[in-house]
Amino acid sequence: MIPPVPIFRDRTLAVLAHIADRQSNGTITAGMTSSLSRISAVALALAAQAAVAADVGPQPIENRFATIHLHSGAKALWDYSLNGVDGRHAVAAPVVNVDGRDVTLSIEAVRPFGPDRQLPNGCRECAYVGDVLGETGLQLKVVFRVAEDDPVVRFHYEILSDRTRHLTKPEGTDRISYLALSLAGFPKVTELRLSEFNEEFHSYMPVERALDTRLFVDREEAMGPILLAGDDTEQLLVAYEHGSTAPDEFLHYRLSPDRSVSLDAVKGNYWTGEEIGPGKPFSTIWFEMEAIRGDRLALQKAYRNFVLKHLALSPASRKPRIFYNTWNYQERLKSWEGKPYLSEMNQERMLKEIDVAHRMGVDVFVIDAGWFEKPGDWQPSPSRFPEGLKPVKARLDAYGMKLGLWFAPRMAAMSSKMLMTHEDCIKTLDGIQPNPWVVWETEASLGCCIVSRFGPDFAEELVRLNRELGVTYFKFDAVDQYGCNDPNHGHGTASDPATERGDCYAFQVPLAMANIAEVVGAAVPDAICDFDMTESGRSFGLAFLSAGKYFLINNGPYHQNYDLPLPPDGNWNLFFYPGPARDWICRSPLVFDQWIPSTLFLTHYLPDDPESNQMLSLASLILGQDGIWGDLPAVSDKGVALFGSVLAKYRKVRDDIAEAYPVDSGPVGGAPEVHEKIAPNGRGAVVLFASHGVYRYVTTNHADHRIWHDDGTTVTLDGTGHAVITADFPTQAGSFPKAGAHIVFFGVD
């Protein structure tokens, strides 16, 4: 078994080796202390001068956009400079409290740590190691990942020691400053939060907040994870890859009056007395840095391209595919017919749905909760699927479709072999195990600690399921950020306070989940791991997006969110019915697409008749959220044919739509609401929503001359190559006209 040590990203190869071996055998109170903050500021103040005066380190890392210089014997550990621009962004060395002393990890005798590695996503990994100044036997490993055609660099650090040392907290709080740099040359600084949970939409939403001079003067803090700075000619971005629900901080940026900023640990980054020594390095999370000539829009486009192409090692999660999920129909059975969720979870129903899904153009068929007999062992239910999932997989294979399955990663049934072999991994709070929970009408189960050895062994289960069942899409659900402070799981010891162990667990949850996705992606190259973020209190951030994608919205707000009583059927989902209102909620998070491609935020639309609703759903989902769910066999043949026809055209340009930077006109629900997704090659789509009237729209981007549009729309190209679209939304009968939708594809005959 893999020992219960903290889960960090570099464990991927070790876990893969473990899986291969098994198969071959057949089997931070908030805020950093003022003293460390002052140390960070001093280090930063000396950084720029020291970078110039220091000995030259190894050969610079260069690509088409920028150059990275790693320094030997300097307060500035490394710097980033745009090619052709006079000026460098100096990054101060980390400061870590080791054995009760704040140690600045400036290094000398810097040398390569092995040859550069070419990664499957087109990036090059360059690793270096150096001896920490004045600290015999202590070393710092620095790892960079760069792509030739991308200004964004990813980096992280490892602290190595030839003898046992301990990370300490003299004042009871985390004492790490991961990086520091000056923003004095940039008049505009902005915090970009990704994880504010907005109850209006019952969804995570991005929020930007300006960091004015007064906030620097008052030494305020910003959670991020993304910090933006710029002027009229150059833009800078710094980010960290973690995840939590705002305002729950595990790291934050600390501002200083001289307009410098440091990224500091807040809580949970390590436990008091955590060892560093032979075979026990301390690995940081990953960080990102980008500079670009131009305005903010140029920065956003470059960062979005990085997330799409170079953040994850495996490209599978980035590919736009049409997903169908059974859960909405299961909810309908419960709410509308009073039947159990699993009453029609069987082979006959699944094969019937697959036949319709194929005709509609679905690529990935996902069987949600109930396909399994018991959590933990993750085998098909013999009562619901007497032949296993082989007939289901055979039907999918015949149609060229992929199989997806639902999982509760932390759950193991009371009678499962997984629990019997992982009793030491059961989550505890203050020494007390939680009560068993019946997982969606299956078997009572206990929650296990995903940070313990249970996490890598769960990843091994997923790889096994790929080998045995052919599953390539893995949906992870019901993983909250908190819930374990056990002293034996690798997130603290019995000598540490329970709150500290709980914070360390919470800090490691997004890293453990990302590690699982990365392990599965390495073993199964076409695997997609999807992490459910439909509720608050989950670890939303960049960490998991470095290996997978998010399942963003179920049905949006509940009745309680809008101060409404529950209806007689007890269904608390407010936006559970077909029509424009639900689509407004689901389209609202498309604002993420300015920074993170919408294809990473799976959201499902309803295919129910009539055609007006189906056009709304089609126009919405092709913007990148790519999901369908509902009662497929109940959809009319005409409706099924409509989906099949439109999605066949979407297939021809979906990669272009995923690559295209969004251009939006009008708010969600506006008159009109327009979304333009046209790639630099002119291929893509424009969709328009409105309730009534005739509207004219001229594309921002040049458009391909091959054009398809639906009825009620006319399209011409003007003399400069822009498309001129006229869309007619006839007034519908009734006091409150329903919104309609029009679709235009470019690059499709």
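A word on the basis. The model is predicted, so local features need pLDDT of at least 70 and side-chain atom pairs count only at pLDDT 80 or more, while totals for chains, interfaces and linings use all residues. Residues are numbered from 1 along each chain as its sequence is written, and side-chain values use heavy atoms, with hydrogens and water left out.

Now the whole chain. It has 749 residues, and a compact globule of that length would have a radius of gyration near 27 Å. The chain has 26 Å, which agrees. That radius is taken over C-alpha atoms, and the globule rule is 2.2 Å times the number of residues to the power 0.38. Along its principal axes, the C-alpha trace spans about 75 × 70 × 50 Å.

What does the secondary structure come to? There are 14 helices and 42 strands. These are DSSP runs, numbered from the N terminus: helices are H or I with at least four residues, strands are E with at least two.

Next, burial. Of the 749 residues, 64% count as buried, meaning under 20% relative accessible area with a 1.4 Å probe, protein chains only. The accessible surface is about 26700 Å², and carbon and sulfur atoms hold 53% of that. Those areas come from the Shrake-Rupley method with a 1.4 Å probe.

Let's go to strand β42, residues 740-746. Seven of its seven residues are buried. Both faces are covered. One side carries G740, H742, V744 and F746; the other carries A741, I743 and F745.

Which strands pair with β42? Strand β37, residues 684-690, is one of them: seven bridges, antiparallel. There, L688 has H742 as its bridge partner. Strand β39, residues 707-709, also pairs with β42 in the antiparallel sense, over three bridges. Pairing of two strands requires at least two bridges found by DSSP. In general, strands of a sheet pair through backbone hydrogen bonds, either parallel or antiparallel.

Last stop: an open sheet of three strands. The order is β38-β41-β40, with antiparallel pairing. At the edges sit β38 (693-702) and β40 (713-717), each pairing on one side only. Neighbouring strands in this sheet are turned by 15° against each other on average, direction ignored. The axes behind that angle are lines fitted to C-alpha atoms. Five bridges join β40 to β41, residues 722-729. In that pair, T716 has V724 of β41 as its bridge partner.

Terms used. Buried < 20%, exposed > 50% of the residue type's maximum accessible area, 1.4 Å probe, protein only. Axes fitted to C-alpha atoms, helices over the stretch in contact; angles between N-to-C directions.
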